[in-house]
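Please look at the charged side chains before reading on.

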Amino acid sequence: MDSIMQSLIGAVGGGGVVAVVVTLLLHHSLAQDRVERQTLAEQVQRLEREKFAELTQRLEAHLEQDNPGVTDQRLRQLDGTMLRVLDRLERVSDEVAKLSSASAENREFIRNVHDALKDLRSDFYKTQKRS
């Protein structure tokens, strides 16, 4: 019976040692994973900061290159030019309307003159035939 008890105690004790070793290995593995995750998280943060800094730099360079003050001035000049062109177009439109009206009046006058000449010629030929 002693040998069975010793075997049982040895098995439980040996199992305890194995459990301690497995626990230590698991703890070590989890610690390594935690360190790797922290390292990767720091790398991601560093890359994000670098990318943000690069994008900020590119945006500032782009804004400098665009020179918004000059663009604004050009847009104002263009607006003024377009207003002058619009005024001229309105004047031309008014003149075209006047000319169109005058042309219609002239057409009517010419039509009346033509009709009068036709009538006169018709009357002249009628009187010529009678005589």
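1. Asp72 and Arg76 form a salt bridge, with 2.3 Å between the closest N and O atoms. This is a predicted model, and that distance of 2.3 Å is a computed value. Both residues belong to helix 2 (residues 68-130), where a spacing of four residues puts about one helical turn between Asp72 and Arg76.

2. Are the two partners buried or exposed? Arg76 has a relative accessible area of 55% and is exposed, because the cut-off for that class is over 50%. Asp72, at 36% relative accessibility, is partly exposed.

3. Helix 2 also holds Glu108 and Arg111, which are three residues apart, again about one helical turn. Their side chains meet in a salt bridge, at 3.1 Å from N to O. Glu108 is partly exposed at 39% relative accessible area, and Arg111 is partly exposed at 45%.

4. Helix 1 (residues 2-66) contains Arg46 and Glu50, four residues apart, or about one turn of the helix. A salt bridge joins the two side chains, with an N to O distance of 3.2 Å. Arg46 is partly exposed, with 37% relative accessibility; Glu50, with 43%, is also partly exposed.

5. How many salt bridges does a search of the whole structure find? The search gives three. For the record, the pairs described above are Asp72 with Arg76, Glu108 with Arg111, and Arg46 with Glu50.

How values were computed:
Residues are numbered from 1 along each chain as its sequence is written. This is a predicted model: local features need pLDDT of at least 70, side-chain atom pairs count only at pLDDT 80 or more; totals for chains, interfaces and linings use all residues. Side-chain values use heavy atoms; hydrogens and water are left out. A salt bridge is a side-chain nitrogen of Lys or Arg within 4 Å of a carboxyl oxygen of Asp or Glu. Helices (H or I, at least four residues) and strands (E, at least two) are DSSP runs, numbered from the N terminus. Buried means under 20% relative accessible area, exposed over 50%, partly exposed in between (1.4 Å probe, protein chains only).
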